[in-house]
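These are my notebook entries on a few places I looked up, written in the order in which I went through them.

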Amino acid sequence: MPTPSVPTALRFDLLGEALIRWRCVARGDLHHGSLPELFAAMVQDEVHDFPALRPHQRHPWHAFLAQLAAIALHRAGQAQVWTDAADWRQALRALTPDDEDGAPWCLVAPPERPALLQPPVPGERVADWKNLLLAADELDMLVTSKNHDLKAARARRAEPDDWLFALVSLQTQEGFLGAGNYGISRMNGGFASRPGVGVAPASTWGARWLADVQTLLAQRAAIAEQQGLAPESGHALLWLLPWAGTDSLAMFALDPLYIEVCRRVRLESAAGGLAARVTGSKAARIASKERNGITGDPWTPVDAAEGKALTVSGAGFEYKLMAELLTGGRFKQGAAWRLDGWPQDAALELVAQATVRGQGKTEGYHERRVPISPKLRRRLAGPQRVAVADIARRRIVAIADLRKLLWSALVMLFANGDGGDRNDSISDKAGRFARPFEQAEDARFFDDLALEAEAEDADRAALRVQWLLGLVERAEQVLTQAFEAGPRSGMQRYKARAAALSRFHGALRGPKPVLPDLAAHYAEQRRDLAAQPEGQAHD
């Protein structure tokens, strides 16, 4: 089917022009293609990455591609993905029947017409909008503290896909940023974040995208029923609807997989490329405040007890949160969390991504991936998940208790062996020296957890003791490495180090041991030693 010509008022047509850059899996060479050609390449698992895509744009771009493909497939009554770009192009055009010239798929279109992720603004003079942006990253949602994280407005020589990725990031993961700048519906409040949490093949962009597209097709009816969304004929591509900035859309009128827009923005041709004009609105595009981010987003876990979507803190996906996501019952996972239906030997991973927002700044982009072996997947998908969650919980408690003991021993060291001579300065110093212990345990937590979680029941007790012994050894290494920061004079140095070691080991072996399981192991060792014949015991 020939590609219709694009009127001169329309520029940068994503359906017909090779505007998106990606690198090939096989050779790593650079490809340029249209959106339909990208879909066809992803079906064949040929896409390694997108060189222009910045880290914080990864999840919104993945979500946009998965939602869009699933919407197109559903509207076409198609259960399986197409392998040919022409079929994808036809299906995408069918989503915009009122715009046969393809304006909704162009980056630039007349203001009264929809453009990609840009609602039409009929009757408005866009040239009067005062906020003119000349760089793609000025448009992006990322706001950095003191401009340190990423230099703003550095992309003045941007390619069309730089603007595309910035536009997707802005419209599908932005939050509140002052009067007239409302955020998306798929987050818990204006200063929250849109997380991207799911189970995916541990491989390529295409494999994850294909898995999520199939899941979204299978789950869209359930999402509609659970969230009170329109099961059929709801608004799916919200940039098709005119928006004067004064009205909000009701959730019941939306498709279960709706792709939203939260800002009034229009791209325009400029010398050397593109520019953007942005203006405010008097209302959020979607009336969803009372939902606390619970919209059926496939990648957003929901805190069941508190009735709100997950908001990631500045600590990111640290091991305690990741353990809760992987094993716990606190969160109701989105559709992209799927442990069943995979090939028996599939190598999977828990993917967690989020850009953490604050008031007028970001607190960093966070991404973490945890491997899920076939054996661990079977345990998590069945009744043994409770046992795995208990293993994780007990380990988290042990790390916290040992960190507290390490801090106490460090206080003794820095107080020259006098526990009563503690002050805020000593406490803060001890905290700084203890912090690397927990950071190191965070990094290795899930590798260690898998060893015990995948073991047979009879072997778990021994593996737990082995892990506890290693945990104590690593904590003691942190303590002894801090000796150089303690007192230097001979007598004080001996006293301080001896007092610190005494505090550390005494709490492990005393009448109220910090780690009871390890204390029981020590006691068993002593009994075994005492039971040996006298001569053998000294060998």
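I began with Phe176, which I find partly exposed because its relative accessibility is 28%; I take buried as under 20% relative accessible area, exposed as over 50% and partly exposed as in between, with a 1.4 Å probe and protein chains only. Tyr182 is likewise partly exposed, at 26% relative accessibility.

I note for the record that this is a predicted model, in which local features need pLDDT of at least 70 and side-chain atom pairs count only at pLDDT 80 or more, while totals for chains, interfaces and linings use all residues. Residues are numbered from 1 along each chain as its sequence is written, and side-chain values use heavy atoms, with hydrogens and water left out.

Next I looked up the aromatic pairs, of which the structure holds 15; rings of Phe, Tyr and Trp (its six-membered ring) pair if their centres lie within 6.5 Å, and planes under 30 degrees apart count as stacked, over 60 as edge-to-face and the rest as tilted. The rings of Trp61 and Phe165 are edge-to-face, because their planes stand at 70°, with the centres 4.8 Å apart. This pair links distant parts of the chain, since Trp61 sits in helix α2 (residues 58-75) and Phe165 in helix α5 (residues 160-173), 104 residues apart; helices here are DSSP runs of H or I with at least four residues, strands are runs of E with at least two, and both are numbered from the N terminus. Trp61 and Phe165 are both buried. For Phe176 and Tyr182 I read centres 6.2 Å apart and planes at 65°, so this pair is edge-to-face. I also noted one aromatic cluster, formed by Phe50, Trp61, Phe64, Phe165 and Trp205.

I then turned to Asp442, which lies in helix α10 (residues 424-453) and counts as buried because its relative accessibility is 16%. A polar atom of the Asp442 side chain lies 3.3 Å from the backbone nitrogen of Tyr319. Leaving aside residues up to four places away in sequence, Asp442 touches Glu318, Tyr319 and Arg368, where contact means heavy atoms within 4.5 Å.

Last I looked at helix α11 (residues 457-481), whose 25 residues reach 37 Å from first C-alpha to last, close to the 36 Å expected at 1.5 Å a residue; the expected span is 1.5 Å times one less than the number of residues. Its buried residues include Arg460, Trp467, Gly470 and Leu479. The buried residues of α11 pack against α8 (374-381), α9 (385-414), α10, α12 (490-509) and α13 (516-531).

Conventions: A polar contact is a pair of N or O atoms within 3.5 Å; within protein, one must be able to donate a hydrogen and the other to accept it, and residues adjacent in sequence count only if both atoms are side-chain atoms.
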